[in-house]
Every structure is written in C-alpha cells, then in structure tokens.
Number of protein chains: 2
Amino acid sequence: MANGKTTLRDVAAAAGVSPMTASNALHGKAGVKESTRAKVLAAAERLDYRINLTASMLKSGRSNIIHIIVNEFDSPFYSKLVQALATATTERGLTPFVEQTRYSPTAAERALTRNPFSDQLFDGEIIHASGLGTNLPLARMNAGRPLVLIDGCEETPSVDTVNFPNEDGARAAVQHLIERGCRHIAIVGGEFVPRAELAHVETSYGLRLRGASGALLDAGLAYDESIMFYGYNSDYGIKAGHAIGDAILAVGESSGRPFDGVFCANDYAAFGVIRGLKDRGLRVPDDVKVIGIDGTSFGAYSTPTLSTIQVDLDQLAQFALDMITRRIERRNTVNGAGASTGSAGADTGSVADASDQPTRATIGYRLIARESTGA
Amino acid sequence: MANGKTTLRDVAAAAGVSPMTASNALHGKAGVKESTRAKVLAAAERLDYRINLTASMLKSGRSNIIHIIVNEFDSPFYSKLVQALATATTERGLTPFVEQTRYSPTAAERALTRNPFSDQLFDGEIIHASGLGTNLPLARMNAGRPLVLIDGCEETPSVDTVNFPNEDGARAAVQHLIERGCRHIAIVGGEFVPRAELAHVETSYGLRLRGASGALLDAGLAYDESIMFYGYNSDYGIKAGHAIGDAILAVGESSGRPFDGVFCANDYAAFGVIRGLKDRGLRVPDDVKVIGIDGTSFGAYSTPTLSTIQVDLDQLAQFALDMITRRIERRNTVNGAGASTGSAGADTGSVADASDQPTRATIGYRLIARESTGA
DNA sequence: ATGAAAGCGCTAACAG
DNA sequence: CTGTTAGCGCTTTCAT
C-alpha cells in the first residue's frame, strides 16, 4: 500500500498470514481455515485491495479473458452478435475482449497470429469467420490455443464451429414467399452461382443460395442469372431495389410482373431493397413481398416491418462458450497432467482422443412473418 | 523458445547481445547502433518472437490499453459510438478494450473503481456518462487515472469531457419543424420538466429539452405538459406514436389537428414514433412531420428516411483521444520527474497548474433534412 | 492448514 | 552504445 497500491503482501501482513495463504483465501481455494479466510477477506476489504492481474497472469499464464474478433461494431448484425457473445462471456465469469477487423483479412489474420496479446493475454478466441479467407489452417494459425469459429461453414471443420442455419433458414424464407403466393422471386445477395456448383460451397452466402435455389426448384420456379441482383448491404440493397423496380415497371402491369417477391441474403440488404422499391413507386407488400434473414432488431420497427429468419444469437453464444470453456479446461488438465507425469511420453499419443476432435453445432432459427410479406 | 515460447532472452542470445539491448532495439529506442538493431530484428523474426505483454505491463506499468465503457453494444447509437472510439484508438497505436454495463449504474461504477483490470491494465478510460448517476466524484472514483467523460453535461466539469451538442442540436431540430410549417409540436422523450427548472440541468435529456423548449417559446408556441410523450427507445416510441395518433384522431380534421410535428429526443424513439403513427393510419410527413437527433446510420434507409441532427462521432473520438493521450503523457512525465527529483517536495504544488484543469469540448452537428419532415 | 523459496519475462536504473 | 543488476506482484512447488 506504499504508493496507494495495496499488494497481496500488505493484506497478508495485516491479516497476520503469509502471502500464499492470503492468495488461497482470496481465491476461495479449499484448505484454508474459515477463520483465517475471514481475517484475510476483512483485511483485503479494509485496505481496498485489488489483485494485480498482470502479475497474476504472468505467473499463472491464465487471464480469463476471451478474445472476440468480428468485422465491425456498427452494423445491426454485428452489434447484436457482439452483445450476445460479450454478455454470455461475462455471465460465465470470463472477460470479453472485442476486436474489430474492419473487414480486413490481414487484420483478422494478425488478430489471430501476430497479436502480441494472443500468446499471453487471452485464454481463448472466438472469431466470426467472414473476412478470413476460406479453409485457412486455423488451428495452426492459432498455435493450438482454444478457438471457436462462428459460421465457418466448412464441410469438415478443422476447429470447433458454431454455424448459422444458412441453408435451412434461406430455404424457409423462400418457401414463405411461395406460400404467400409469390411466383417470380428475385434474390438479392452476391454473385450468381450455378446450382451444380452449390453442392460443396463453404461460405455463408453459398449455403444461403443453396437453400434458396433448392426451395425455388422444388416449387418448379426458376433459378437462373436473371433473378439475381447484387446487394449485400443497405446501400447496394437500394440499387438492387431500383433495378428490380425498373424491371417490373418496364414490363408493365398487363403482361404479368416479372417479380412479385424478393429474398435478401441479409436484413441489411432487405431494408435497402424496400427503400429502393419505394423510390420506384412500388409498395411492399402489396406489389412486391420482401423477406430478409438474420433477425436484426430493427425489423420490428421499420415501415413496413420486416419478415425475416430470426437466428438465435443467445444460443449461439452459449454454444460458443461451451466449446471454448471445454477447450480451456481440457488444456489446463492436460498441461497439468503432462507437467507432473514428467517424461512419461507414452501418454502423449492418447491425449489426441475423441474429445480433441473439432465439434460442430448449428443454431436454431424461426421464421418471423411480418408486414413485408403481407402478414 | 523452450516451450514453443520464444523469450527476449532467446532473441538476445541469437543476436549476440544482452536482453536490454534487444529490448531497446525492438522498441525502436534511440541509442542502438543500426547494425545491432538489424541483427536483433532479424533474430526476432527468425525465432517468431512475440513480446510477452503481461511481463512488459507488470514491469513498466503501462499497457497502451484504453478502457471504453458504454451501456451496450446493440443499439444504433452505441454501436456507432463504440466503432468511432475503437477505430480512433487503434489509429493512435493504442488498444481499445470495450466494456458494456447493460445500463447498470452499479456495473458502471464497478467498471471504474472495482474492476481489477483498471489499476494495472488500462492506461486510461473513456466512459459514456449516461447510466452513471449525476455529479459523481468521478475524478476520485478513478483514482486519478486518465479519464475522459462522454456527454457528462456538467456545468462545471470535474474531469475532461466531450459533450454532444444537446441544447443547440435540439433547438435546430425544433426550428426545422417550425420552418416546415409545424405549429403544434409534440416532444417524445422522458418526463416533462418546467422551463424554469431547465436552467441548470446537467443531463443530456435535460439539455435537449432546454433547446427544444427554447425554440418553441421563441416561436410563440406552447411548451407544457400536454405536448410531452414518454419514449426513449423504439418500443416506447411506438406507444408514444399511438398516443399522438389517438390525440390527432380524437380531435378530427375539422377543428384543426393538435399535432403536426414531433421532435424525438433520439433517433431510436423516432423510428418507433413513425411506426406508431402509421399504425393509426397517419402518414409521415404528410399528416405529421417527425425529426430525431443523433444521426444513426439507419435513418438513411428507413421509409420514410429520417430527418435528424447528425452529430460528428469521429470528431468526438478525436477529441476524446486527444484528451486522454495528453493526460497519459502528462502523467508519465510527472511521474518520471517525481521519481528522479526524489523528495524535493516543493514541486508537488506547482504540478497542479493550468494543464491539470479539466478540459471541455462540444462536438459539431448538422441538420439532415430527409423525407420525415417533407424534404 | 500454512509458509518459504523461487521465478514467470520483462524493463528502469545505473554502470561501463 | 551496451551490459548488469534488480525486482514488478503474484502463484507454483514443496516443505512443514
């Protein structure tokens, strides 16, 4: 407490015990007499003791900090994802450290590999895959530290992964448009991908396209380049809305409208599309029905309210934290065992058992039918 | 490099220098021969050396980490604020650590005072005041660490503060409604506060009310309890919209509508109000004009697009970082001087000079006139 | 149930 | 310009 900083030593002295006993008492470790613990806690309280985490981390190699890596903070999707992950992390007694890559693959890779914090400051990392390239040697990039991938979409995952219900969700969205009577459905997202090439896609967008095209083909509707419009965010969504609107107006009422429904590969784009259609004098849902996917909060307040596929981000966060805490615990026991076993050696092989294999989970979703599809 | 972990020692050994020289070389400190530095850098690269920040922090007491405290991640306002602050922090070579308090004053206070990281892990803190009580002894809570308050709204600031243009922005918003022809303007926000009591308010909402009421009174329009509707977010905004709509419909077209304009104390509420008015069959802007304040991204994509007061969050972030880096540098030099001066004592008084006084800045804004006010 | 010793990896301070 | 010494505050290990 010399410099206004109370150290463990000070607390121990005030309680009349050794630093080690004070440490054990403060951490609630077993094997400390109740009366001793009480003395220590009282002293700590009185001296306003705060543990020095840098010292603790340096010695123990553990921080309880989870590194969360996403593209950005300011989007309806990411802000919700980050909030779910950060809240779940805190609920488990861990500390979330959120980093944004601003959509730079370099930044994402550096966050995982060259970040000076990673080695010592983080117990584990949760990264949203989009922005990384596909099929990176993630486990290696991460040097074996506990890692969970969000929406990695790999067919054979190399690390623990929590996926969005991309294919099923998109299929449900398009089926909903069909049930609402749509027969000419446009898709707003990225590039057109021929159906055959969708068999082994490993991206979120590819899977959504697979689900959407599947629903179209099952219903005997067209899936080809003519129904595709580029637009992955609101700005491009507006342009897509204009293009779709122009196509509708060019044909005119008489000969049947070319589009009466739009599936957007994310909500953000859907808001833009609605806006763009409105700019052309087309009404949603009367003239064209629109559905998104993601379930961002804003869809409940927009005009019209947005039909969407709501994904369960709280469930996602629980899955991700289950996976990461399991890895962390596992690593601690293995390390502990390895250290005390010394050079037994033979054990090293058997640790690569089933529990080392990458886990995979897919989160749930539900269709929210709102005004934009005539609900 | 024994355990897969390369230490500074290893690098120094490989480069044939002492650890201290290696450290200086890696940190780009002056006073290292260029050839020596090159050797060290090469060795570090070859051995894939990464500094152990916990050790560095423990010894030096500096981390380059800035603690950013906000209410939550998932709102259009906070996600934008966090992104601006995090990006500006990174641009200055510092590391942002964002924490959410979930609107709990306890959590906010703990983040500042009892957070075990604060003492050792953070070089400074930037906190958005809302959620803290008013007029807390912030400087004391923070134990003298560098601290910047966002929108503290204190008349006589106790710490460095960057304020929003609450009063002027609200005034400009209401003036805009008046210019658009509105004569019966409702206010959606918190509780009604009599004009007299607004003289010395120290909250964001109070200042906005002062600006709004000032504009109304200047134009000879009413400011009283009958024009106030409760609603600080979209959910309550919808209810406010319903109430305003009901009031309009109750009176009927003939006797003149009671409300033809709505000023919302934030954008979030404005989206709800528009939604609520629509539920009652009222059109924005034809029947009622609506304006918000904050300038959240979504206003550009909604239907109708939202007129708002756009505040310059990037400027805010620059101001905040200017203030915090100044405090950090100042603290370092003072500490350094103090240490070498030994027990000179007399100097202690003179360090409390003008540069110790709390700084205050107010960020800029501009009116964005969009569809919701008939633009 | 408690304590003593040792040292995590780095950098401030000073010596050369 | 470079090296040596010391120690940040804690926790692991081992002894009592």
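This is a predicted model: local features need pLDDT of at least 70, side-chain atom pairs count only at pLDDT 80 or more; totals for chains, interfaces and linings use all residues.
I began with a rule: a disulfide is a pair of cysteine sulfur atoms within 2.5 Å. With that rule I searched the whole structure and found 0 disulfides over all chains.

Residues are numbered from 1 along each chain as its sequence is written, chains are lettered from A in the order in which they are written, and side-chain values use heavy atoms, with hydrogens and water left out.

Next I looked up accessibility, where buried means under 20% relative accessible area (1.4 Å probe, protein chains only). C182(A) is buried at 1%, and C264(A) is buried at 0%.

Then I turned to the two chains. I found 50 residues of chain A in contact (heavy atoms within 4.5 Å) with 50 residues of chain B. The area buried between them is about 4700 Å², meaning accessible area (1.4 Å probe) lost on being put together, summed over both parts. Carbon and sulfur atoms give 57% of that area.

Last, I checked charges. How many salt bridges are there between chain A and chain B? The count is 2, each a side-chain nitrogen of Lys or Arg within 4 Å of a carboxyl oxygen of Asp or Glu. I noted E371(A) with R275(B), at 2.5 Å from N to O.

Note on methods:
Buried means under 20% relative accessible area, exposed over 50%, partly exposed in between (1.4 Å probe, protein chains only). Buried area is the accessible area (1.4 Å probe) that two parts lose on being put together, summed over both.
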